Amino acid sequence: MKAALEREWVRARTSPAVPPVLTGIRLEARSGRAGDCFEFGAPRRDPAALEDGARRELARLLPMLPASRRGQLAVEAGVVRWCLASPGGVVEETERPYLLETCAGSVLSLGDHESGGEPPWAGEVPLAGIDSGLPVVLGSSAVLALVAFFLEVAGNLGRKAAGPPSQSLSVLETGSSPYPPQHHPYTPRAEPAADRLLLDGGMWCAEEGTVDLSFLLFTRGERWLRPVAATNTFGRRNLVVQSTVPAARPPDALVVDSLIPRATPCPGTSVWEAELSLWRDGRVWSGPGPRRLELDAGRVLRCVAGTWEMPCPALDRDPIEGDACGLAPPLVTELTAADLKLPAERT
Amino acid sequence: MGETWHLERSRSHFVLMDGTRPEARTSRCDFEGGRSAGGGASRVFSGPPPASVHPRLRRPGDPTDAGEAGRAVRALLAACGGQGRLRLCSTRTERVVVGTTLEPCRRTSVVWALTGQVFTSGGRFVPVGWSGRGDCLPRLRDGELCESLVRTVRALERAGPCPGGAVPAVLAATAAGVLVHEAAGHFAEASPEPTADLGHRLGVRIGSELVSLEDDPLAEGGAARYDHDDDGVASLGPTLVVRQGVLVAQLHSLASARVFGGAPTANGRATSAWDAPIPRMSNLICGTGSTPEEELIDHMGSGLVIHQLSFGFSFGSDIEARIVLAETVERGRRTGRLLSGGLLAEDRGVLRRVVEAGDRSAFNPNALCGKAGQLLFDVGTRAPALRFAELRMRA
């Protein structure tokens, strides 16, 4: 057995409707000629110590949220510690505390502070009767979900089936993550792992990677008992989306905050569950709960006009593989509210 | 209510085979951990439970011979032309539930799944999704199953694109299983949300009078096989869920039965001890008719016979599945013209259009089923070939 990797993750996760969940997981890996061996064991740290902080943040944020979003607030306080060792001794030992606050698929804040930010919404508005000519902005989480879906179509059916990639975007697959539990920039042999550029300026770059079991077990440890990447084709699933095309932030816009695919990845139009907001009068207003949208991921991404911001933490919420945190900028598109064909009723 | 402990120990073998590498890469994972609930916060942990919690579980043995499994996966990929990516996961697991009003009950199981894709020489992707219980080796070496994959790969090399629109269709037995599972099976499951009661669905017509379904965790040849579910509830035998097209019973976990005010049906299932059991099918068995498959095709006249579906998906009233391989039928005869690549885009009422059922049923070799973030390897579906007045497809 050559290298050893050890990782411990403790967290307290709180949300309004369910009792807190305290998680403590330790996983060790050793790599050898016969393959890699992984073993789950008892963590040294007790996640109960994190519960109070998470509860406080939940209580602080709840009154600031519009009613339709309160039930979807989640606050997670955690610590990830990892240790890389070689036969000669410990090579690297790192500990990262973090606080993640999410609501309806949007990342409200992610950092190593004890207290997070404030929700963006000033209140809630109905979306019926909005100006159909409003530009559509994709929030960071919506961008990440669309890109991941597009890559899944290419991985499952081939690049030709997926259609041409957006000329305005580049996509990097990386072991790094802004979310410490999913940060693991190492190979199975505990060496630094190289990033892979998947898409750039309308071109496919790297070939599809082989599924990296070590990465998936370490970063999706709570979902270890799955057929490895049964429903996706990613080597790793940490994505960084960038746009080099500058675009002005529109003062008024319909914003797709986040998206969950409610269909199997395939070319053409698919059903999505969307959280929407409205930018109006210099403020952000929340839509009244999730909406069903029919979107062609490839087409929407090809309609991207650019961005005014750097990539920021975002969530791709896969119904089976779980949440994947990545980086993506909000994007202005050439679409208008009329193109989204908003249904009248809430899903 | 006191604390309930769900404990588990397991050993998993993983085999990753990539057509660009000559050898399969194998890995092993040993797990011990569990989940406790009922005492305020719930806890998810790896490692042994507190010393006060009994019984202790022993470390399970190997679920399969990993070396042999690697060679079998490599041989399978080679038989299909050598191009593709296959991933095998095989797990032997022992679980116990402690602290409910029921007696602590131990369960040992071995489950496996082979997923991935094989590429045709023309650049098409053939999805591979086989799964079930027991040692995976006999299935990986099952000549008939392997030959069917090789035949599909070869057939896809000459298949044309699927048209869109509504056409009369016959679904071969394993393809019919995909649709029955999505359209009726998931509809019969109670809600995974602990507070939602879907009892209003009882009495709803979801199929034609030819459609009757039961759920049986001990069905012979089924992917699932258990006498106690993951809540520790004993199975009392098959549950008739659909009688002549009408939903007459729902599948319940302990928690959903409590909300509904009824008895659990031993359908509380969880991917691992870290996941809360939710209502899931075990083996869904669709009753047969009396017509041989060739006669179903003859009676259809013109239309499609769909041999293989993959990636079945249901959300709300939408039902989807990808058409891997279909064949056109004219004047009641197969034409040999093969089609691939379309999407079956249906709604929840699709089984109401069943006009004839075949006389033989078969289990779908793919028993993978994902729901509410939990993926099970062993959800069996057995169905006969079904003839539909029409099925809606998207090109």
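1. Over all chains, the structure holds 43 salt bridges, and since this is a predicted model, that total and the details that follow should be read as properties of the predicted coordinates.

2. A:Arg81 belongs to strand 4 (residues 73-86) of chain A and A:Glu8 to strand 1 of chain A, so the pair ties together parts that lie 73 residues apart in sequence. A:Arg81 is buried, its relative accessible area being 15%, and A:Glu8 is buried as well, with a value of 5%; the cut-off that places a residue in this class is under 20% relative accessible area.

3. Strand 1 of chain A, which spans residues 4-15, also contains A:Arg11. This arginine counts as buried because its relative accessibility is 12%, and its side chain makes a polar contact with the side chain of A:Glu76 at 3.1 Å. When neighbours within four places in sequence are left aside, the residues in contact with A:Arg11 include A:Val21, A:Leu22, A:Thr23, A:Pro47 and A:Leu50, along with A:Tyr98 and A:Tyr179.

4. Which residue of chain B meets B:Glu293 in a salt bridge? The partner is B:Arg334, with an N to O distance of 3.6 Å, and the pair links distant parts of the chain, B:Glu293 lying in helix 6 (residues 293-300) of chain B and B:Arg334 in strand 17 (residues 333-340) of chain B, 41 residues apart. B:Glu293 counts as partly exposed at 27% relative accessibility, and B:Arg334 likewise counts as partly exposed, at 32%.

5. The side chains of B:Arg387 and B:Glu356 also meet in a salt bridge, here with an N to O distance of 2.8 Å. Because B:Arg387 lies in strand 22 (residues 380-394) of chain B and B:Glu356 in strand 19 (residues 354-363) of chain B, the pair ties together parts that are 31 residues apart in sequence. B:Arg387 is buried, with a relative accessible area of 16%, and B:Glu356 counts as buried at 12% relative accessibility. Elsewhere, salt bridges that share partners join A:Glu39, B:Arg11, B:Arg28, B:Asp30, B:Arg59 and B:Asp62 into one network.

6. Turning to the interface, the contact takes 61 residues from chain A and 54 residues from chain B, and the area buried between the two chains is about 4600 Å², of which carbon and sulfur atoms give 56%. Across this interface the rule finds four salt bridges, and it also finds 19 residue pairs in polar contact, with both residues at pLDDT 80 or more. A:Asp36 forms a salt bridge with B:Arg25, the closest N and O atoms being 3.1 Å apart.

7. On the side of chain A that touches chain B, the elements giving two or more residues are strand 2 (18-32), strand 3 (35-41), helix 3 (140-157), helix 5 (213-219) and strand 14 (269-280) of chain A. Strand 2 of chain A supplies the largest share of that side, namely ten residues. By residue class, the side of chain A that touches chain B divides into 32 nonpolar, 16 polar and 13 charged residues.

8. Strand 2 of chain A is also joined by four bridges to strand 3 (residues 42-46) of chain B, and these two strands run parallel. Within this pairing, A:Leu22 has B:Arg43, in strand 3 of chain B, as its bridge partner.

Note on methods. Residues are numbered from 1 along each chain as its sequence is written. Chains are lettered from A and ligands numbered from 1 in the order in which they are written. This is a predicted model: local features need pLDDT of at least 70, side-chain atom pairs count only at pLDDT 80 or more; totals for chains, interfaces and linings use all residues. Side-chain values use heavy atoms; hydrogens and water are left out. Contact means heavy atoms within 4.5 Å. Buried area is the accessible area (1.4 Å probe) that two parts lose on being put together, summed over both. A polar contact is a pair of N or O atoms within 3.5 Å; within protein, one must be able to donate a hydrogen and the other to accept it, and residues adjacent in sequence count only if both atoms are side-chain atoms. Ala, Val, Leu, Ile, Met, Phe, Trp, Tyr, Cys and Pro count as nonpolar, Asp, Glu, Lys and Arg as charged, and the others, Gly among them, as polar. Two strands pair if DSSP finds at least two bridges between them. Buried means under 20% relative accessible area, exposed over 50%, partly exposed in between (1.4 Å probe, protein chains only).
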